[in-house]
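Me: I am new to this structure. Please show me how to read its features, one by one.

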Amino acid sequence: MSASAELRELLLDRITDIPDYPQPGVMFKDITPLLADAAAFGALTDAFVDLCARHRADKVVGLEARGFILAAPVAVRAGIGFVPVRKAGKLPGATLGQAYELEYGTAEIEMHADALAPGDRVLVIDDVLATGGTADASLQLIRRAGAEVAGLAVLLELGFLAGRQRLESGLKGAPLEALITV
């Protein structure tokens with residue numbers, strides 16, 4: 001699914017390009033102006049809520065950190081649970097962790113060990129799909145918890161970074177929904 005032309009324009013008009021951030025040569029996509037616009041943020045939330053209904057999600061997982069901002073209001077509006085997936089060492093209590101490869105080195109994400117129940121249908125929500133490393137690790141984590149991946153939904157897919165191709169095997173047929181692809 002891609003967003004309707006009207007929704008796409010509303011969202012794109014409120015995403016700002018920041019050149020050379022966080023390092024030279026990178027064009028950062030800043031979504032904070034979108035978040036500050038109640039109409040645009042509400043329309044984005046509604047689009048994700050529709051995906052929850054379409055894919056029969058019982059819970060949403062938000063990926064640290066902007067995924068938290070997007071997924072939490074979706075969970076409230078959809079009437080389903082929200083589960084944060086954080087960088088390692090940030091959650092109290094028993095956790096499940098999943099390491100993944102970065103361009104240079106590795107990283108690890110975690111969620112509470114009891115956050116998902118066997119059979120839960122989980123929609124992963126994040127702001128941007130770039131190379132797909134964190135998203136792929138989250139899919140593995142959800143399945144290790146015994147839950148089912150209902151899909152992955154992102155506001156913005158950076159198609160030139162081939163994250164979709166990286167995620168293909170990890171999605172195992174679950175849909176990848178990007179509202180906007182650039």
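Reply: Start with how elements get their names. Helices (H or I, at least four residues) and strands (E, at least two) are DSSP runs, numbered from the N terminus. The model is predicted, so local features need pLDDT of at least 70, side-chain atom pairs count only at pLDDT 80 or more, and totals for chains, interfaces and linings use all residues. Residues are numbered from 1 along each chain as its sequence is written, and side-chain values use heavy atoms, with hydrogens and water left out.

Me: How do I read a pocket, and what is the volume of the largest pocket?

Reply: Rolling a probe the size of a water molecule over the atoms shows where empty space is left. A pocket is an open set of points on a 1 Å grid over the protein atoms alone, where a 1.4 Å probe fits, with protein on both sides within 12 Å along at least five of seven lines. Grid points are joined across faces, edges and corners, and a volume is the space filled by probe spheres set on the points. Here, the largest pocket has a volume of about 1300 Å³.

Me: Which residues lie nearest the centre of the largest pocket?

Reply: They are R66, V128, A130, T131 and T134, out of 37 lining residues. A lining residue has an atom within 4 Å of a point. Elements giving two or more residues to this lining include strand 2 (27–30), strand 4 (81–87) and helix 5 (133–144). Strand 7 gives the largest share, 4 residues.

Me: How does the lining of the largest pocket divide by residue type?

Reply: Ala, Val, Leu, Ile, Met, Phe, Trp, Tyr, Cys and Pro count as nonpolar, Asp, Glu, Lys and Arg as charged, and the others, Gly among them, as polar. The lining has 20 nonpolar, 6 polar and 11 charged residues.

Me: How do I read a helix pair, and at what angle do helix 5 and helix 6 cross?

Reply: Two packed helices are described by the angle between their axes and the distance between the axes. Axes are lines fitted to C-alpha atoms, for helices over the stretch in contact, and angles run from 0 to 180 degrees between N-to-C directions. The axes of helix 5 and helix 6 (residues 163–171) cross at roughly 5° and come within 9 Å. That makes the two helices roughly parallel, a label for angles under 35 degrees.

Me: Which residues of helix 5 meet helix 6?

Reply: Contact means heavy atoms within 4.5 Å. From helix 5 come G133, A135, D136, L139 and R143; they meet R166, L167, G170 and L171 in helix 6. This contact divides into 4 nonpolar, 2 polar and 3 charged residues.

Me: What is the strand order of the open sheet?

Reply: Two strands pair if DSSP finds at least two bridges between them. The 7 strands have the order 5-6-4-3-7-8-9, with mixed pairing. Strand 5 and strand 9 (176–181) are the edges, each pairing on one side only.

Me: How do strand 5 and strand 6 run, parallel or antiparallel?

Reply: Antiparallel, with 8 bridges. A hairpin joins them through 2 residues. Q98 has I109 in strand 6 as its bridge partner. Strand 8 and strand 9, by contrast, pair in the parallel sense over 5 bridges. There, V154 has A178 of strand 9 as its bridge partner.

Me: What about the backbone, and which residues does the cis bond with omega about 5° join?

Reply: Most residues other than glycine have a negative phi, and most peptide bonds are trans. Y21 and P22 are joined by that cis bond. P22 sits in the loop between strand 1 (16–19) and strand 2. D20 is in the loop between strand 1 and strand 2 too, and its phi is positive, near 60°. Another cis bond runs from E64 to A65, with omega near -5°.

Methods. Angles under 35 degrees count as roughly parallel, over 145 as roughly antiparallel, 65 to 115 as roughly perpendicular and the rest as oblique.
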